[in-house]
Amino acid sequence: MNISKLSVIIGILVMGMSRAQDVQSDLSDKKVVFIIVDGISADQLKTANTPYLDQIGRVGAYTDAYVGGGKGTYSETPTISAVGYNSLITGTWANKHNVWGNGIKSPNYNYPTIFRLYKDHNPNGTIGVFSSWLDNRTKLLGEGMDATGQIQVDHHFDGLEYDTINFPHDIRRNFMKLIDYTVADHAAETIRREGPDLSWVYLEFSDDMGHGYGDSDRFTAAVEFEDYLVGKIWKAVEERRTEHKEEWLFVVTTDHGRTEEDGKHHGGQSDRERSTWIVTNSKDTNGYFNSKTPGVVDILPTIVDFLNIEVPQSVRREWDGVSLIQPVDAVDLRAIKKGSHLEVSWEALSEGSGNLYMSSTNAFKNGGQDDYKLIETVQLEKGKLKIPLRKLSKGFCKLILETKNTTLNTWYVEE
């Protein structure tokens, strides 16, 4: 082989290796940590002294948010802890993910978590779970189960609620304060040392104080303590970002609010129980984040966009949330029976067109594929479309509105 041809071949190989390294660099240099601080309504957060959350919000942004699905609709979701976690990590409400309480009896793993989506996209990437609850990893993520593709968590620190030797349980549940401190400390150190690509940190003490003392100085003090723990993790992320030139998305939220009367309970659909919040370091929040009230289900699509995760269309069509950092063309897709028609409506956030699809099946629920038919191409600014009821079968359908930047879904369930 002559020298010139050999040089060309070597050049191509080097270029290919360089591009492969660039792809790997893109994957490893973008990282996410999200924190769920249990049971703090938006009004309670605002009355507490939270310097670290305030600092993160100044770097990025803050918004009021909500949990609980569509109030009074097929997607109404209990404002209960594990239910809220699963709504975040699957991007769906309880009618899909099938977690209705803290017992986590039968999650529907056909709606993949953000961790499975990430591992499917990047098997060599690393994920972490840091939590008092062992169930977050073993039941919600379904570590090692066939139904979850036998997903494995690379870094975990959890189950401390079962360690009564190092954390002896007391009636006032101060042991949970020590557990949260230990969890946050371990999470911060793991992030600082290992830099997992996608991490979940869960802090519980605030909810325990809510149940025990309701709206009180003691609860406010618990919120301020959790803010201090968030600060420990935030400092670790900032060190990684500076020292390793990594790009981090940092998101802090809560899983539910509290009852109107005294703040001691939750689970219902009062405005305060549904009232939550999101704080992020992202400077790229979109108009939807900044002018509307996002839901906990919007966090998964946001992480997907930040990490550039490739997700099958069939999965995207099941999400009940939209991105908080990419353009969003429309929100709030609904279908309501009016006389002999089904009125499909949405709120347009931009001009343009979209395709409205319909399926009379819900095969996805059982691991299958739904057959969607194009109903009509619509102009977003019109905001609604009427469909004759005769086109529906058996009083049920799934509707999809797909635009250039957004995929929305809703169900029609005949009462």
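Five cavities of 30 Å³ or more are held within the structure, a cavity being a set of points, on a 1 Å grid over the protein atoms alone, where a 1.4 Å probe fits but cannot get out. The structure is a predicted model, in which local features need pLDDT of at least 70 and side-chain atom pairs count only at pLDDT 80 or more, whereas totals for chains, interfaces and linings use all residues. Residues are numbered from 1 along each chain as its sequence is written, and side-chain values use heavy atoms, with hydrogens and water left out.

The largest cavity contains about 50 Å³ of space, where a volume is the space filled by probe spheres set on the grid points, which are joined across faces, edges and corners. Its lining consists of L249, V251, I278, T280, T285, F289, I299, T302, L324 and I325, lining residues being those that have an atom within 4 Å of a point. Two or more of these residues come from each of β6, β7 (275–280) and α13; helices (H or I, at least four residues) and strands (E, at least two) are DSSP runs, numbered from the N terminus. When the lining of the largest cavity is sorted by class, seven residues are nonpolar, three are polar and none is charged. In this scheme Ala, Val, Leu, Ile, Met, Phe, Trp, Tyr, Cys and Pro count as nonpolar, Asp, Glu, Lys and Arg as charged, and the others, Gly among them, as polar.

Pockets were treated separately, a pocket being an open set of points with protein on both sides within 12 Å along at least five of seven lines. The second largest pocket has a volume of about 310 Å³, and among the 18 residues that line it, E247, W248, S282, D284 and F306 lie nearest its centre. Elements α10 (217–244), β6 (247–253) and α13 (299–307) each give two or more residues to this lining, which divides into six nonpolar, four polar and eight charged residues.

The largest pocket holds about 970 Å³ of space. It is lined by 37 residues, and those closest to its centre are G70, D332, L333, R334 and T410. Strands β8 (330–338) and β14 (407–413) each supply at least two residues of the lining, and the classes represented there are 15 nonpolar, 11 polar and 11 charged residues. Both domain 1 (30–317) and domain 2 (330–413) contribute at least three residues to the lining of the largest pocket.

These two domains make up the division of the protein chain, with bounds that come from an automatic or database domain assignment. Taken over C-alpha atoms, the centres of domain 1 and domain 2 are separated by 30 Å. Across the boundary, 13 residues of domain 1 are in contact (heavy atoms within 4.5 Å) with 18 residues of domain 2. The size of an interface is often given as the accessible area lost when the parts come together. Here the two domains bury about 1,400 Å² between them, 55% of it on carbon and sulfur atoms, where buried area is the accessible area (1.4 Å probe) that two parts lose on being put together, summed over both. On the side of domain 1, Y74, N110 and R317 lose the most area to domain 2, and together they account for 47% of what that side buries.

Individual segments were then examined for exposure, with buried meaning under 20% relative accessible area, exposed over 50%, and partly exposed in between (1.4 Å probe, protein chains only).

T259, in the loop between β6 and α11 (271–274), is buried, with a relative accessible area of 10%. Apart from neighbours within four places in sequence, T259 is in contact with K264, H265, H266, R272 and E273. T361, in the loop between β10 (353–359) and β11 (373–379), is partly exposed, with a relative accessible area of 33%. The C-alpha atoms of T361 and D371, which are 10 residues apart along the chain, are separated by 7.3 Å, and D371 is one of the residues that T361 touches when those up to four places away in sequence are not counted, together with D370, F396 and K398. G339, found in the loop between β8 and β9 (341–348), is exposed, with a relative accessible area of 61%. The C-alpha atoms of G339 and L389, 50 residues apart along the chain, are separated by 8.7 Å.
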